[in-house]
Amino acid sequence: MKIAVCIKRVPDTEARVKIAANGAAIDESGVKFILNPYDEFAVEEALRLKEKMGGGEVVVVTVGGDVSQETIRTALAMGADRGVLLKVDAMPLDPVPVARALADELRGGGFDLILCGKQAVDDSSHAVGLMVAELLELPAVGAVAKLEIADGKGVAEREIEGGVEVVEFTLPAVVTADKGLNEPRYPALKGIMAAKKKPLDTKPITLAAPGLEFAALAYPPERQAGRIVGEGAEAVPALIEALRTEAKVL
Amino acid sequence: MANVLVVLEQRDGTLKRVALEALAAGRALADHLGGEVHAIALGPPGLSVEAAGAHGADKVFVATDEAVRLYQSGPYAATIAAKAKEAYTAVLLGATALGKDLAPRLAARLVCPLASDATEVAVEGGALVVQRPIFAGKANLRLRVTAAQVVVSLRPNNFRPVEAARAGAVESIAVVDAGGARTTSVKAPEHATVDVAEAAIVVAGGRGLKDAEHFAILDDLAAAFGGQAAVGASRAVVDAGWRAHAEQVGQTGKTVSPNLYIAVGISGAIQHLAGMRTAKVIVAINKDKDAPIFKAADYGIVGDLFEVVPRLTEEVRRIRSA
């Protein structure tokens, strides 16, 4: 089984976001970057499928700068076979050019399955994976928390408001991973050493023109300072009173 | 022509509130642009779209078929994209599970940009400008649309439905059968409660609960609010397996904007605050007076949650029965 996984380098979710001096981007100094957590589920699922099928290849693909090589190495250390970096100078604010670049790379690659994280935790567009599917005219299921693949077919479960959708599809297909799909492995030392020798192909590309341009970046409005209404259970009536008369939410 | 197309989400043949929210955003935008609001809905035979006209739709395209009783990504994307190709400046829809799935498919088919989970849509200097939170709400990004068309998904509970009576003339159209993946069923959740992302009140628990079983006191508090409240959870307790991921609030969970958010035994990690900072009112109950959650909260009680929460439940029951 030949599986492609689209991944992205993102700031750690615990990182404090600071707007850079130019006001148009975040200040990356001192920020730890990680493999997007949802992409980690996608990589893990690909590895499990390969292991279950008893063979195949897992290829990780990303769009980014040279620094994204490190992110690819993380996926290789988990067990992916090779990586492709579609090298760009800057990431666009519109997900469409990224999806087009990935689709162009994956088209004709003979992949049975393309896995992606459901969204990147930085810009959270929840878009690229499903766009790649549309561009390649493949069936796709988004935000999947349970996946079964057998005999060229798949059954996926995705959470919706107040329920779980059960979706069937045929391969080749695109599936985007939600939390809950699996428990990603930590790269072992052996895997980290092996990753250094695995093929990583860097291809400089030019992205299509985006349809969105930067207008402004700002911190959300500060919440007004609140107050401690009291200590222990005795403070409950004062809280109820505040919620009823001041906040008017009860 | 500066018309706006609004995708109406339905469940069981009835329009969802998020459809009316999208209509409100569409109406404001169309009024600004001097255009009309057209709406489109797919659903089972008998689908009722009367509310669309009352909430600002000039025209409503309805595609009903038993085959699209449930959300089917292929027919939805194909049917709506075919209609949207008829020169609409913007295509708006709610950023729900359905909307988040459909929006990128539409943008890819229309070869136009996508702005997801927008909290504001405006016209500035003749250009469409969309505001969307990034880094799970740690910053707000404003984007100017330079393309002739854009798909915008709108954060639920953020735009207020408006009474704006328009013709709402209904026109039936055919469902375009496009194949693709097929939804075969929707399984009900194990605990039939309101979804944490849609609830007016969220009672969320963290590590301070100490054990999965202790969440019973939060279930009781949520129940005391009478069906409008949901239980939420911090990442720590979901990772520990105490609660389902469906309940997780934060950067790798859901972003919620309820009227009231009660954080119980939650310290207030950055990634959690990112998911609930847009709540109208935040209450924190924590034994550590220095917990960061108190900085985000409107009202706080410092104390043992195992004493405070049952008392709160009792008081809520009392005022609701009064």
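Which residues does Glu9(B) touch, not counting residues up to four places away in sequence? In this predicted model, Glu9(B) touches Thr14(B), Leu15(B), Lys16(B), Val18(B), Ala19(B), Thr96(B) and Leu98(B). Glu9(B) is located in the loop of chain B between β1 (4–8) and β2 (10–11). Its relative accessibility is 8%, so Glu9(B) counts as buried. With one of these neighbours, Thr96(B), the side chain of Glu9(B) makes a polar contact of 2.6 Å through the side chain of that residue.

**Helix α1 of chain B**

Just after the helix, Gly34(B) adopts a positive phi of about 70°.

Ser257(B) lies in the loop between α6 (235–239) and β16 (260–264) of chain B. With a relative accessible area of 15%, Ser257(B) is buried. Its side chain and that of Thr278(B) are joined by a polar contact of 2.9 Å. Leaving aside residues up to four places away in sequence, Ser257(B) touches Arg155(B), Asn157(B), Thr278(B) and Ala279(B).

**Chain A as a whole**

Chain A contains six helices and 13 strands. Its C-alpha atoms fill a box of roughly 65 × 45 × 40 Å along the principal axes. Of its 250 residues, 54% count as buried. Among contacts in chain A between residues at least 6 apart in sequence, 71% join residues at least 24 apart.

**The interface of chain A and chain B**

At the interface, 80 residues of chain A are in contact with 86 residues of chain B. The area buried between the two chains is about 7100 Å², and carbon and sulfur atoms give 58% of it. On the side of chain A, Glu161(A), Lys179(A) and Arg223(A) lose the most area to chain B, together 12% of what that side buries.

The rule finds 45 residue pairs in polar contact, both residues being at pLDDT 80 or more, and 11 salt bridges. Helix α6 (residues 236–246) of chain A gives the most to the side of chain A that touches chain B, with eight residues. The residues of that side divide into 45 nonpolar, 12 polar and 23 charged.

**Salt bridges**

Over all chains, a search of the whole structure finds 44 salt bridges. Side chains of opposite charge can pair when their charged atoms come close.

| Salt bridge | N to O distance |
|---|---|
| Glu134(A) and Arg105(B) | 3.9 Å |
| Glu159(A) and Lys254(B) | 2.7 Å |
| Arg318(B) and Glu315(B) | 2.7 Å |

The salt bridge of Glu134(A) and Arg105(B) crosses between chains, from helix α4 (residues 128–136) of chain A to helix α4 (residues 97–110) of chain B. Both partners are buried: Glu134(A) has a relative accessibility of 13%, and Arg105(B) has a relative accessible area of 3%.

The pair of Glu159(A) and Lys254(B) also crosses between chains, from strand β8 (residues 153–160) of chain A to the loop between α6 and β16 of chain B. That loop is where Ser257(B) is found. Lys254(B) counts as buried, at 16% relative accessibility.

The pair of Arg318(B) and Glu315(B) lies within helix α9 (residues 305–321) of chain B. Because these residues are three apart in the helix, they are separated by about one helical turn. An α-helix has 3.6 residues a turn, so residues three or four places apart point the same way. Glu315(B) counts as buried, at 8% relative accessibility. Elsewhere, salt bridges that share partners join Glu134(A), Arg158(A), Glu165(A), Asp101(B), Arg105(B) and Arg109(B) into one network.

Technical notes. Residues are numbered from 1 along each chain as its sequence is written. Chains are lettered from A and ligands numbered from 1 in the order in which they are written. Side-chain values use heavy atoms; hydrogens and water are left out. Helices (H or I, at least four residues) and strands (E, at least two) are DSSP runs, numbered from the N terminus. Buried means under 20% relative accessible area, exposed over 50%, partly exposed in between (1.4 Å probe, protein chains only). A polar contact is a pair of N or O atoms within 3.5 Å; within protein, one must be able to donate a hydrogen and the other to accept it, and residues adjacent in sequence count only if both atoms are side-chain atoms. Contact means heavy atoms within 4.5 Å. Buried area is the accessible area (1.4 Å probe) that two parts lose on being put together, summed over both. A salt bridge is a side-chain nitrogen of Lys or Arg within 4 Å of a carboxyl oxygen of Asp or Glu. Ala, Val, Leu, Ile, Met, Phe, Trp, Tyr, Cys and Pro count as nonpolar, Asp, Glu, Lys and Arg as charged, and the others, Gly among them, as polar.
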